[in-house]
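My notes follow in the order I took them.

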Amino acid sequence: MAENDTLLVEHRTTSNAPPLEDPLTLDALLHPLSKDDFLRLHFRQRCVVIRGGGAERAATLFPAASAGDVEEIVEHTASDRVMAWVRTGGTVRTMDGLPPSRGTTARSIDVDDPRNAIALHQAGHALYCRAPPAIEETLVNALLKETSLGLPPLRDAGPLAGRGEVEMFCARKGHVTAWHSDFQENFTIQLRGRKRWRLAHRREAHPLRGETPHFADDSVLWDQAKSRAL
C-alpha cells in the first residue's frame, strides 16, 4: 500500500524520551518521530501513534490525571460545568461505509456540582471537561506555534488567531464511544488505563463540524448534516 493511502503509522518511545513539560514541543510529544517528519509526512493526512510512557512522561503537565485523581480534575477544570456522558441504550445510526457501531446512544448532561459529577463517574458514566486554565493556555499556545495553525498562532490574539482547548476524558471500564468524527486536529495523550481505537478515513478533507451520531439529541446530528451540505 502506498504511504499516501496508509491510515495509521506507529512508533514506540525509547528509554531516553524527554519528559512532556512546559514549553511543550512536537519533538518531545512525538519522540522518536521528529517534528519535521510529522508535519511533512503525516499531519492532516493520517493518524500517528506513539506507544509507551504516557503517564510517566506527562506527570509534570497533568499531575492529577496521571495519578488518577478524578476529584482534583473536576474541582479545577476551566469548564463552567462538567459534562457527563450517560448512556441511553439506543441504537446509533451507522455512518456511511462503516460497520455497525459497538456503542449505544448517549446523552450529555451538564453537571454543576463536582460531587454529583464524581457520583456519576463512580456509577460507571464518563466525564468530560477542560483542563485547568494554566495547563490549557500552555499546551494550546505551544501546539498552535509548533503546527503554525492560526495567524498569529496564539489564542485570543485577534480574529484570525488559532483556537483550541485541552479536554480531559475520564471513562470507566466498558464505556464505548460510537463511530464519530471531529472537525479539529486532535493530539491525545493516554494517561491511565487502556483504550481501544477503531479508525477509518474521514469523508471530508476539511470538515466544518464534527459528525457525532452517538448523541441522543437529533438536533446535533441535523446541524452537522447541514454543514456537510455547504
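I began with R44, which I found in the loop between α2 and β2 (47–51). Helices here are DSSP runs of H or I with at least four residues, strands are runs of E with at least two, and both are numbered from the N terminus. The model is predicted, with local features needing pLDDT of at least 70 and side-chain atom pairs pLDDT 80 or more, while totals for chains, interfaces and linings use all residues. Residues are numbered from 1 along each chain as its sequence is written, and side-chain values use heavy atoms, with hydrogens and water left out.

**Backbone**

I looked up phi of R44 and got a value near 65°, positive in a residue other than glycine. R44 is partly exposed, because its relative accessible area is 45% and that class lies between buried (under 20%) and exposed (over 50%), with a 1.4 Å probe and protein chains only. S148, in the loop between α7 and β6, also has a positive phi without being glycine, near 60°. S148 has 56% relative accessibility, so I noted it as exposed.

I then checked for cis peptide bonds. The bond from D22 to P23 is cis, with omega near 0°; P23 sits in the loop between β1 (8–12) and α1 (26–29). Another cis bond joins H31 and P32, with omega about 10°. P32 belongs to the loop between α1 and α2.

**Charge pairs**

How many salt bridges does the structure hold? I got seven, the criterion being a side-chain nitrogen of Lys or Arg within 4 Å of a carboxyl oxygen of Asp or Glu. I wrote up three of them.

K35 pairs with E146, and their closest N and O atoms are 3.4 Å apart. This pair links distant parts of the chain, from K35 in helix α2 (residues 35–42) to E146 in helix α7 (residues 133–147), 111 residues apart. E146 is buried, because its relative accessible area is 13%.

R40 and D37 form a salt bridge with N to O at 2.9 Å. Both lie in helix α2, three residues apart, about one turn of the helix. R40 is exposed at 56% relative accessibility, whereas D37 is partly exposed at 29%.

R130 and E136 meet in a salt bridge at 2.5 Å, N to O. Is E136 buried or exposed? E136 is buried, because its relative accessible area is 2%; R130 is partly exposed at 26%.

**A histidine contact**

I located H175 in the loop between β6 and α8. H175 counts as buried because its relative accessibility is 16%. Its side chain makes a polar contact with the side chain of T177 at 3.1 Å. For that term I used N or O atoms within 3.5 Å; within protein, one must be able to donate a hydrogen and the other to accept it, and residues adjacent in sequence count only if both atoms are side-chain atoms.

**Surface patches**

I found a nonpolar patch made of L8, W197 and L199, with about 270 Å² of accessible area together. Patch members have over 30% relative accessible area and no salt bridge; like charges are joined within 9 Å, and nonpolar side chains (Val, Leu, Ile, Met, Phe, Trp, Tyr) within 5 Å. Areas come from the Shrake-Rupley method with a 1.4 Å probe, and for residues only the protein chains shown count as cover. L199 lies in the loop between β6 (167–170) and α8 (218–228) and is partly exposed at 34% relative accessibility.
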